Amino acid sequence: MSTVQIYDRAMCCSTGVCGPQVDPTLPKFAADLDWLQGQGHQVQRFNLAQDAIEFANNPAVQEMLGREGVDCLPLIYVDGRIVSRSEYPSRENLALWTGTSLAPQRTLPVAGSGGCCGDTGCC
């Protein structure tokens, strides 16, 4: 499983989905990250306003911020490698970078050849 790290611009909260004027991209991205975690990947999200120490502890993030300013955010890392900057990626890109299938997982039971009761003969 992969580790995905997101270095976000300064936002009001960890996901940026609160307040009167929410960027419509943020709720979709938050849902995509929840989906990614549900697939077993580790997701870490750092907000410049609340997690500045995480930005300071990553030399590559420091270099990008020094060179391009906050316009480089969000920075997306997958397994320690920058895969995206300056925009929120789609679920399809997150799946591609982590080697995750977009096909839905089967969660409902499927009746076998013995019908809905299987081999118990309950009906």
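I began at Phe55, which is buried, with a relative accessible area of 4%. I took buried to mean under 20% relative accessible area, exposed over 50% and partly exposed in between, with a 1.4 Å probe and protein chains only.

I noted the basis of the entries: this is a predicted model, in which local features need pLDDT of at least 70 and side-chain atom pairs count only at pLDDT 80 or more, while totals for chains, interfaces and linings use all residues. Residues are numbered from 1 along each chain as its sequence is written, and side-chain values use heavy atoms, with hydrogens and water left out.

I then searched the whole structure for aromatic pairs and found four. Rings of Phe, Tyr and Trp (its six-membered ring) pair if their centres lie within 6.5 Å; planes under 30 degrees apart count as stacked, over 60 as edge-to-face and the rest as tilted.

I looked up Tyr7 and Phe55, an edge-to-face pair with 5.2 Å centre to centre and 85° between the planes. Tyr7 belongs to strand 1 (residues 3-8) and Phe55 to helix 2 (residues 52-56), so the pair ties together parts that are 48 residues apart in sequence. Helices (H or I, at least four residues) and strands (E, at least two) are DSSP runs, numbered from the N terminus. Tyr7 counts as buried at 3% relative accessibility.

I next recorded Phe29 and Tyr88, a tilted pair at 4.8 Å centre to centre with 50° between the planes. Phe29 lies in helix 1 (residues 25-38) and Tyr88 in the loop between strand 4 (81-85) and helix 4 (91-98), 59 residues apart. Phe29 is buried at 1% relative accessibility, and Tyr88 is buried at 13%.

Finally, I noted that ring pairs link Tyr7, Phe46, Phe55 and Tyr77 into a cluster.
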